[in-house]
Structure formats: C-alpha cells, structure tokens
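Here are my notes on this model. Please read them alongside the coordinates.

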Amino acid sequence: MSIVTEFVDVDVPVRSAYNQWTQFEEFPRFMEGVTEIRQLDDTHTHWKTEIAGVRREFDAEITEQLPDERVAWHSTDGEKQAGVVTFHRIDDTHTRVTVQMDFDPQGLLETAGDKLGMIDRKVKGDLHRFKEFIESRGGIETGAWRGQVDRPGM
C-alpha cells in the first residue's frame, strides 16, 4: 500500500469548504481523471475514472462523515483505496483541507508513477483546482449535505 498526504489552504470558511466537498458529483469539475461520480445513497458512490488512458469504475463507501470536520471512505470493489479528508479552521475565512489516501498501485505503470511521485502531484493538483473552484465562486458552494455518518463501532 502507498500513502499520499497533501493539503491546501482555501480562502473560504470551513463550512463552505466542507459543504462543497460533500457534493461528490461535482468532483469531475476539479479532479483530473474523474469523469463521473454518482451518489447512490447517503454512504455510497459510483466512480468512473480515466487516467493515462486507463478507464476504471468502482464503488466507494463513506465510512465516516462529521460536518465541518472530516469525510472518510474506502473502495468496496475495483482498485483498493481508502482515505480521509479533514477540514481545519484557520480563522473565520480560511480553511486547511487535508487529504490522506491509502491505495494499492495496480500494474507496472501505476507502480512506477507512484514511485516517481506522480500520484502525490495529482492529488496536490486536484486540491489546487478545488481551491480555485470554491474561491472562484466566492465561497458559495454548489450544495451541501450536513448529515452525519458515524464511524463503524461507535
């Protein structure tokens, strides 16, 4: 397994950053290689990606979601990955968004890309595009889901 941790500071309140991040179907607007996400229910999404000419589809389950704090997930089929996005209030109008992802590179191309730091750069680029996306909207999110998903066993 490989681990990627990246962050970006956005010039919007924590509530706005979190609310936008919960709009999973909007991810293709700022995540390179994500072509479609469908929200199946409160805790399940279906992803379609195309990265370096490789198309994949997989399902993911949201395992924890605390408004204005964190969203955690793991894939339920396809490529193995899991992660958490946390939202840290810097002040009333600034938020640090941190992504930590664990994934299992598949094949020679992904393994080489991981070792060369390409995955880290992709995540960093996605976060930068998220920053541009939410800031260009003046911090006005495209929607919000304020429900809570408790971590299993809690």
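Is Val84 buried or exposed?

1. Val84 is buried, at 16% relative accessible area. Buried means under 20%, exposed over 50%, partly exposed in between (1.4 Å probe, protein chains only).

2. This is a predicted model: local features need pLDDT of at least 70, side-chain atom pairs count only at pLDDT 80 or more, and totals for chains, interfaces and linings use all residues. Residues are numbered from 1 along each chain as its sequence is written, and side-chain values use heavy atoms, without hydrogens and water.

3. Val84 sits in strand β6 (residues 81-91). Strands (E, at least two residues) and helices (H or I, at least four) are DSSP runs numbered from the N terminus. Beyond four places in sequence, Val84 contacts (heavy atoms within 4.5 Å) Arg70, Val71, Ala72, Trp73, Thr98, Val99 and Gln100. Trp73 is 11 residues away in sequence, with 6.4 Å between the C-alpha atoms.

4. The open sheet has seven strands, ordered β1-β7-β6-β5-β4-β3-β2, with antiparallel pairing. Pairing requires at least two DSSP bridges between two strands. β1 (2-10) and β2 (34-41) are the edges; each has a single partner strand, so one side of each lacks a neighbour in the sheet.

5. Val34 has Thr49 in β3 as its bridge partner.

6. Helix α1 (residues 14-21) packs on the sheet, touching β1, β4 (54-66), β5 (70-75), β6 and β7 (94-103). Its direction makes about 160° with that of β6. Axes are lines fitted to C-alpha atoms, for helices over the stretch in contact; angles run from 0 to 180 degrees between N-to-C directions.
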